[in-house]
Amino acid sequence: MPVDRDTRLQEWERRAQPYLFIASLLFLASYTVRVLTPGLSPGWDAFWEALTFVSWAVFVAEYLARLAYSRDRWHFVRTRWLDLVVTVLPLLRPLRMIDLHERMQLRRAVPGLVLEARVMTYSGLAALLLGYAASLAVYHDERSAPDANIRTFGDAVWWAASTLTTTGYGDATPVTPRGRVIAVGLMFAGVALVGAVVGSFSSYLLRRFRQEGER
């Protein structure tokens, strides 16, 4: 009896997660080294560049495998659009944590308080990783740009923190086209991620107050 395509897809996703996690760490580590250590020797520079390419190839191969396993490929692309985005732009992979968490919750019921805690944890961690990745990308483009005010990685981290929290002090702003595109994306992601954390925490407090009032 042939195995159902949906079952094969779910089994593939389950088995691929550890390897994707390792590839994500390797990609972020190699990108970090290449951005923060510009004076590498040719040999080490080639090594880290190759590691970046190999880890990215893992993302592409895994996505193509899931596409092959899917019953309706066009439906898969439309409903899993975030997977395609983070495959093309690996620095956005922290956003996939939210999608994975959502699909996990559809498969099993969890108590409300546990779900709220998980949402806060996943969203907070995704915000930290996304902010770090955005800091690297913006610093890479801005550090040598004329009239740039983001000259150090610390400046980039400060900019990412103020952008993610939608504070926007304005003392550090990207001036390059790609830096501004990253800033716009981080603004939207910041609203969603920080909003998820604040909303879940507010829901947790309201639930606790309601339980205390019923006692």
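In helix 2, Arg-66 and Glu-62 are 4 residues apart, which means that about one helical turn separates them. The two residues form a salt bridge, in which the closest N and O atoms are 2.7 Å apart. These values, like the others reported here, were computed from a predicted model. Both Arg-66 and Glu-62 are buried.

Arg-66 also takes part in a salt bridge with Asp-83, with an N to O distance of 2.7 Å. This pair links distant parts of the chain, since Arg-66 belongs to helix 2 and Asp-83 to helix 4, 17 residues apart. Arg-66 has a relative accessibility of 1% and therefore counts as buried. Asp-83 is likewise classed as buried because its relative accessibility is 1%; the cut-off for this class is under 20%. Arg-66 and Asp-83 belong to a network of salt bridges that also links Glu-13, Glu-62 and Arg-80.

In general, side chains of opposite charge can pair when their charged atoms come close. Over the whole structure, the search found 8 salt bridges. One of them joins Glu-11 to Arg-15, with 2.7 Å between the closest N and O atoms. Glu-11 and Arg-15 lie 4 residues apart in helix 1, so about one helical turn lies between them. Glu-11 counts as partly exposed because its relative accessibility is 29%. Arg-15, with a relative accessible area of 56%, is exposed.

Helix 1 covers residues 5–36 and contains Ile-22. With a relative accessibility of 47%, Ile-22 is counted as partly exposed. Together with Phe-21, Leu-25 and Leu-26, Ile-22 makes a nonpolar surface patch of about 390 Å².

Empty space in the structure was examined next. Rolling a probe the size of a water molecule over the atoms shows where such space is left. The largest pocket holds about 1000 Å³ of space. It is lined by 39 residues, and those closest to its centre are Leu-89, Pro-90, Leu-91, Leu-92 and Leu-130. By type, the lining consists of 26 nonpolar, 8 charged and 5 polar residues.

At least two residues each are supplied by helix 1, helix 2 (42–69), helix 4 (81–88), helix 5 (96–107), helix 6 (112–142) and helix 8 (177–214). Helix 8 provides the largest share, with 8 residues. Helix 1, which holds Ile-22, and helix 2 and helix 4, which are linked through Arg-66 and Asp-83, are thus among the contributors to the lining of the largest pocket.

Terms used: Residues are numbered from 1 along each chain as its sequence is written. This is a predicted model: local features need pLDDT of at least 70, side-chain atom pairs count only at pLDDT 80 or more; totals for chains, interfaces and linings use all residues. Side-chain values use heavy atoms; hydrogens and water are left out. Patches are made of residues with over 30% relative accessible area and no salt bridge: like charges are joined within 9 Å, nonpolar side chains (Val, Leu, Ile, Met, Phe, Trp, Tyr) within 5 Å. Accessible areas come from the Shrake-Rupley method with a 1.4 Å probe; for residues, only the protein chains shown count as cover. A salt bridge is a side-chain nitrogen of Lys or Arg within 4 Å of a carboxyl oxygen of Asp or Glu. Buried means under 20% relative accessible area, exposed over 50%, partly exposed in between (1.4 Å probe, protein chains only). On a 1 Å grid over the protein atoms alone, a cavity is a set of points where a 1.4 Å probe fits but cannot get out, and a pocket is an open set with protein on both sides within 12 Å along at least five of seven lines; lining residues have an atom within 4 Å of a point. Grid points are joined across faces, edges and corners, and a volume is the space filled by probe spheres set on the points. Ala, Val, Leu, Ile, Met, Phe, Trp, Tyr, Cys and Pro count as nonpolar, Asp, Glu, Lys and Arg as charged, and the others, Gly among them, as polar.
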